[in-house]
Amino acid sequence: MNSFRSIELSDEMFEQSGLRFLTVKTPNLKGRGDICLYVPKGIKNLTDLPIYILLHGVYGSAWVWAMKGGAHVTAKRLMESGEIRPAIIAMPSDGLWGDGSGYLAHQELDFAEWIVSDVPKAIRENISNASEKSPICIGGLSMGGYGALKLGAQYPEIFSAISAHSAITRFSEMSLFVEESLESYKLRNTENDVIDLVKRKVDSLPAIRFDCGVNDELIEGNRLLHSQFKKLGVNHEYEEFSGGHEWEYWRKHLKKSLYFFDIQGRN
């Protein structure tokens, strides 16, 4: 029994590099949503594999973590070398609203629920290596880092770990990247900075790490969030590296997220 009115899953006969593509129709988007998946080869008898959700930034879609970030190549290398255990890498679209939905609940469309509910459900129901027992971690870059931090903090019962690269940390920072006015988002909630969600869940947060490049325009926001976490007593890891807001940085540091997710799964 599938929960979605319509489903299209790519045919293994034509898939390349372990990438699979899944499209489902959901009321949360009032239409279809796409998910790019990396499913390790040669593990057909393995079930309950962890699901690592990677959220993209503005302007991108379900393909961008793989086709610009090489996420599946990094994951395959780490799995084959035994540095991390097999896992499903899930790379959904943000819902394709404007330059970026922010992974937020708008008045008419719920991009948060798409990620939190629909994406895991679609994977569990259509990929045999996943199940209700599969632990779920969430990460992302830029707007996707914002989504990972917010959704991970808001739903600690769903996500085991959070990792963010070059994250937007305050909703106002979306204006640095998007053409749409922030008023046009018509958000359901009034508190949409990462720290707002963290304050509500201080005692139940998943494991958290985040990093930012020292030449990134978002560095001050990341440093502020790190300081706020310390004042609240939030256990977390924060790192700074050379680099800016660019794919070269994200490709290089994605392994930090994958290592972190794998370590949390061993604890």
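A residue is called buried when its relative accessible area is under 20%, exposed when it is over 50%, and partly exposed in between, with a 1.4 Å probe and protein chains only. By this rule Tyr 59, at 56% relative accessibility, counts as exposed. The model is predicted, and local features need pLDDT of at least 70, side-chain atom pairs count only at pLDDT 80 or more, while totals for chains, interfaces and linings use all residues. Residues are numbered from 1 along each chain as its sequence is written, and side-chain values use heavy atoms, with hydrogens and water left out.

**The sheet**

Helices (H or I, at least four residues) and strands (E, at least two) are DSSP runs, numbered from the N terminus. Two strands pair if DSSP finds at least two bridges between them. Nine strands form an open sheet with mixed pairing, in the order S1-S2-S3-S5-S4-S6-S7-S8-S9. Strands S1 (7–9) and S9 (237–241) are at the edges; each has a single partner strand, so one side of each has no neighbour in the sheet. From one strand to the next, the twist averages 20 degrees, where axes are lines fitted to C-alpha atoms and angles run from 0 to 180 degrees between N-to-C directions. S1 pairs with S2 (residues 19–26) in the antiparallel sense over three bridges. Ile 7 has Val 24 in S2 as its bridge partner.

Most residues other than glycine have a negative phi. Lys 30 has a positive phi, near 50 degrees, and Tyr 59 has a positive phi of about 75 degrees. Lys 30 is in the loop between S2 and strand S3 (31–38), and Tyr 59 is in the loop between strand S4 (51–55) and helix H1 (64–67).

**Helix H3**

At the start of the helix, a side-chain oxygen of Asp 110 comes within 3.2 Å of the backbone nitrogen of Ala 112. The buried residues of H3 include Phe 111, Trp 114, Asp 118 and Pro 120. Arg 124 also lies in H3. Arg 124 and Lys 150 are 26 residues apart in sequence and 23 Å apart in space, C-alpha to C-alpha.

**His 165 and the cysteines**

His 165 is in strand S7 (residues 159–165). A polar contact is a pair of N or O atoms within 3.5 Å; within protein, one must be able to donate a hydrogen and the other to accept it, and residues adjacent in sequence count only if both atoms are side-chain atoms. The side chain of His 165 makes such contacts with the side chains of Asp 211 (2.8 Å) and Ser 257 (2.6 Å).

A disulfide is a pair of cysteine sulfur atoms within 2.5 Å, and the count is zero. For Cys 137, the closest cysteine sulfur is in Cys 36, 18 Å away, too far for a bond.

**Accessibility of selected residues**

| Residue | Relative accessibility | Class |
|---|---|---|
| Lys 30 | 57% | exposed |
| Arg 124 | 24% | partly exposed |
| Cys 137 | 3% | buried |
| His 165 | 1% | buried |
| Cys 212 | 0% | buried |
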